[in-house]
Amino acid sequence: LQYHQFHALGLLIAGLVAARLPASRWIIAAGTLMVLGTLLFSGNLYLRSLADFHALHALIPFGGGAFILAWLALAIGVLKK
């Protein structure tokens with residue numbers, strides 16, 4: 001739940017940056033990767049704990065990687081502008 005909260009805040013930050021700065025593919029990529037990371041990482045953990053569904057556990061590291069790439073893309077997008 002904590003990772004989901006942090007990255008929901010990051011997604012809000014990406015949206016605010018996208019609204020303030022001219023369109024940047026880095027910022028758009030950051031938002032897309034945060035949504036993807038939330039679905040793959042947090043969504044998978046929710047499925048495991050709430051529905052006892054363990055078939056997709058191999059996707060969790062990809063969600064974590066999407067989170068890391070999202071923060072990097074957000075930083076690059078902000079620094080380039």
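Visitor: Which residues make up the largest nonpolar core here?

Guide: Happy to show you. In soluble globular proteins, nonpolar side chains tend to be buried together. In this predicted model, the largest nonpolar core has six residues: Ala14, Val17, Ile27, Ala30, Ala73 and Leu74. The elements giving two or more residues to this core are α1 (2-20), α2 (25-50) and α3 (60-80).

Visitor: What does leucine 74 touch?

Guide: Leaving out residues up to four places away in sequence, leucine 74 touches Gly10, Ile13, Ala14, Ile27 and Ala30. Among these, Ala14, Ile27 and Ala30 are also listed in the core.

Visitor: How many helices and strands does the chain have?

Guide: Three helices and zero strands. Read from the N terminus, the order of elements is α-α-α. Along its principal axes, the C-alpha trace spans about 45 × 20 × 15 Å.

Visitor: Is asparagine 44 buried or exposed?

Guide: Buried means under 20% relative accessible area. Asparagine 44 counts as buried because its relative accessibility is 4%. You will find asparagine 44 in helix α2. Setting aside neighbours within four places in sequence, asparagine 44 is in contact with Leu39, Leu56, His57, Leu59 and Ile60.

Visitor: What can I read from the whole chain, such as its accessible surface?

Guide: The accessible surface comes to about 5500 Å², and 75% of that belongs to carbon and sulfur atoms. Of the chain's 81 residues, 27% count as buried. As for contacts between residues at least 6 apart in sequence, 67% join residues at least 24 apart.

How values were computed
Residues are numbered from 1 along each chain as its sequence is written. This is a predicted model: local features need pLDDT of at least 70, side-chain atom pairs count only at pLDDT 80 or more; totals for chains, interfaces and linings use all residues. Side-chain values use heavy atoms; hydrogens and water are left out. A nonpolar core is a set of buried Ala, Val, Leu, Ile, Met, Phe, Trp, Tyr and Cys residues joined through side-chain atoms within 4.5 Å. Buried means under 20% relative accessible area, exposed over 50%, partly exposed in between (1.4 Å probe, protein chains only). Helices (H or I, at least four residues) and strands (E, at least two) are DSSP runs, numbered from the N terminus. Contact means heavy atoms within 4.5 Å. Accessible areas come from the Shrake-Rupley method with a 1.4 Å probe; for residues, only the protein chains shown count as cover.
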